Amino acid sequence: MKKKLLLVLSIFVVALGGQGLFSNGLADEEEADYPTEPIVFIQPVKAVIFDHKFHVEEAGLDCESCHDDLFEQAAGTAEENDDFKMQALYEGKYCGACHDGETAFASNTKCAVCHIGVMGYNRMHKVDGEAEEKVHH
């Protein structure tokens, strides 16, 4: 009798685990229909970070909110555009479509939220200052 009960409990636990009740979040990461790693723009300045997860899960945006009217799907495409600069954001293009001071904080405020700079980029990519200097000289 104890063996049958143990077997039933084991099946129940495995079934619950398969349903994600004991999930550590990896299943959510694997099932996300957006890039889970932040996108880091390095042009025209190094570096500006964009987090899909925040914009989808916290701000409630969907893919069509930005793609393809504001940004093409392929990362880095906007950086190739000559107008991918702060002035374009102030004119309501790219991130500026929402970061207008009404929908979300204005593009000309809270700079450090997005602009992580060279040091932030280096921390993300585990580049030390000496190695960075060698790359540029």
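**Close-up views of a predicted model**

By class, 31 nonpolar, 12 polar and 6 charged residues form the lining of the largest pocket; Ala, Val, Leu, Ile, Met, Phe, Trp, Tyr, Cys and Pro count as nonpolar, Asp, Glu, Lys and Arg as charged, and the others, Gly among them, as polar. The model is predicted: local features need pLDDT of at least 70 and side-chain atom pairs pLDDT 80 or more, while totals for chains, interfaces and linings use all residues. Residues are numbered from 1 along each chain as its sequence is written, and side-chain values use heavy atoms, without hydrogens and water.

**View A. The largest pocket.** This pocket holds about 1,000 Å³ of space. Among its 49 lining residues, Phe-41, Phe-50, His-55, Phe-71 and Cys-95 are the closest to its centre. A pocket is an open set of points on a 1 Å grid over the protein atoms alone, where a 1.4 Å probe fits, with protein on both sides within 12 Å along at least five of seven lines; lining residues have an atom within 4 Å of a point.

**View B. The largest nonpolar core.** Eleven residues make up this core, including Ile-39, Phe-41, Val-48, Phe-50 and Leu-89. Such a core joins buried Ala, Val, Leu, Ile, Met, Phe, Trp, Tyr and Cys residues through side-chain atoms within 4.5 Å.

View C. His-67 is buried, with a relative accessible area of 18%, because buried means under 20% (1.4 Å probe, protein chains only). Beyond its neighbours within four places in sequence, His-67 is in contact (heavy atoms within 4.5 Å) with His-52, Glu-72 and Gln-73. A polar atom of the His-67 side chain lies 3.4 Å from the backbone oxygen of Glu-72.

Definitions and conventions:
Buried means under 20% relative accessible area, exposed over 50%, partly exposed in between (1.4 Å probe, protein chains only). Grid points are joined across faces, edges and corners, and a volume is the space filled by probe spheres set on the points. A polar contact is a pair of N or O atoms within 3.5 Å; within protein, one must be able to donate a hydrogen and the other to accept it, and residues adjacent in sequence count only if both atoms are side-chain atoms.
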